[in-house]
Amino acid sequence: MKLSTKGRYGLRAMIDLARYSEEEPVSIASIAARQNLSERYLEQLVALLKKAGIVAGVRGAGGGYILARPADAISVGEVLRALEGSLEPVKCAAFYSEEGCLASDGCVTKYVWQKINDSINKTVDNIMLEELVQESKKRNPSGGCENPQCNH
């Protein structure tokens with residue numbers, strides 16, 4: 001499985017949002033500055049996360065974005081699926097339709113694909129956003145930003 005920039009950048013943005021929105025909403029511009037990402041691209045990612053109910057917008061002065069739920073209630077799997085869709089490295093028809101595929105009767109590889117799919121899903125569903133926030137704090141305890149455009 002290879003994640004696109006949607007998944008990679010979106011997860012970075014979610015960690016940033018979880019870390020910095022604890023006290024007040026966070027702007028797209030501040031996340032983009034801290035993570036060295038394009039604001040325009042980040043807006044697209046946040047729209048997908050908002051649609052999935054993971055992120056909420058706060059309007060008005062001092063507005064921005066916050067997590068829709070606590071970070072310990074949001075899995076990495078949920079974030080990645082909101083951004084990437086299915087995380088399956090192989091779409092095996094044998095698991096998704098009554099008919100299966102032409103080779104499903106004698107196909108042994110479908111069990112390999114199912115085990116890989118199950119392992120990926122189990123792994124990402126068992127890592128919560130809060131764990132990544134805590135790891136981020138360990139690696140950068142001051143929370144400071146070396147980018148001069150950063151608000152924190």
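Predicted model: local features only at pLDDT ≥ 70, side-chain atom pairs only at ≥ 80, totals over all residues.

Reply: Two packed helices are described by the angle between their axes and the distance between the axes. Here, helix H2 (residues 28-35) packs with helix H3 (residues 39-51) at an angle of about 115°, and their axes are 9 Å apart. The crossing of H2 past H3 is right-handed.

Me: Which residues of H2 and H3 make the contact?

Reply: H2 contributes Ile28, Ala29, Ile31 and Ala32, while H3 contributes Glu39, Leu42, Glu43 and Val46. Sorted by class, the contact of H2 with H3 comprises 6 nonpolar and 2 charged residues, with no polar ones.

Me: At what angle do H1 and H2 pack, and how far apart are their axes?

Reply: Helix H1 (residues 5-20) and H2 pack at an angle of about 115°, with 10 Å between their axes. H1 and H2 also form a right-handed crossing. On the H1 side, Arg12, Ala13, Asp16, Leu17 and Tyr20 take part, and they meet Ile31, Arg34 and Gln35 of H2. This contact of H1 with H2 has 4 nonpolar, 1 polar and 3 charged residues.

Me: Let us turn to aromatic rings. How many aromatic pairs does the structure hold?

Reply: A pair of aromatic rings is described by the distance of the centres and the angle of the planes. This structure has 1 aromatic pair. The ring centres of Tyr9 and Tyr41 are 6.1 Å apart and the ring planes stand at 85°, so the pair is edge-to-face. Because Tyr9 lies in helix H1 and Tyr41 in helix H3, the pair ties together parts that are 32 residues apart in sequence.

Me: Are Tyr9 and Tyr41 buried or partly exposed?

Reply: Tyr9 counts as partly exposed, at 26% relative accessibility. Tyr41 also counts as partly exposed, at 22%.

Me: For contrast, which residues is Val79 in contact with, leaving aside its neighbours within four places in sequence?

Reply: Val79, in helix H4 (residues 76-84), is in contact with Leu11, Met14, Leu49, Ile54 and Ile74. Val79 is buried, its relative accessible area being 0%. The C-alpha atoms of Val79 and Leu11 are separated by 6.8 Å, although the two residues are 68 apart along the chain.

Me: Finally, what pattern does the protein follow along the sequence?

Reply: The pattern is α-α-α-β-β-α-α-α, made up of 6 helices and 2 strands. The protein has 152 residues, of which 33% count as buried. Among contacts between residues at least 6 apart in sequence, 65% join residues at least 24 apart.

Note on methods:
Residues numbered from 1 in each chain as written. Heavy atoms only, no water. Axes fitted to C-alpha atoms, helices over the stretch in contact; angles between N-to-C directions. Helix = DSSP H or I, 4+ residues; strand = E, 2+ residues; numbered from the N terminus. Left-handed = near helix turned anticlockwise from the far one by under 90°. Contact = heavy atoms within 4.5 Å. Nonpolar A, V, L, I, M, F, W, Y, C, P; charged D, E, K, R; others polar. Phe/Tyr/Trp six-rings, centres within 6.5 Å; stacked < 30°, edge-to-face > 60°. Buried < 20%, exposed > 50% of the residue type's maximum accessible area, 1.4 Å probe, protein only.
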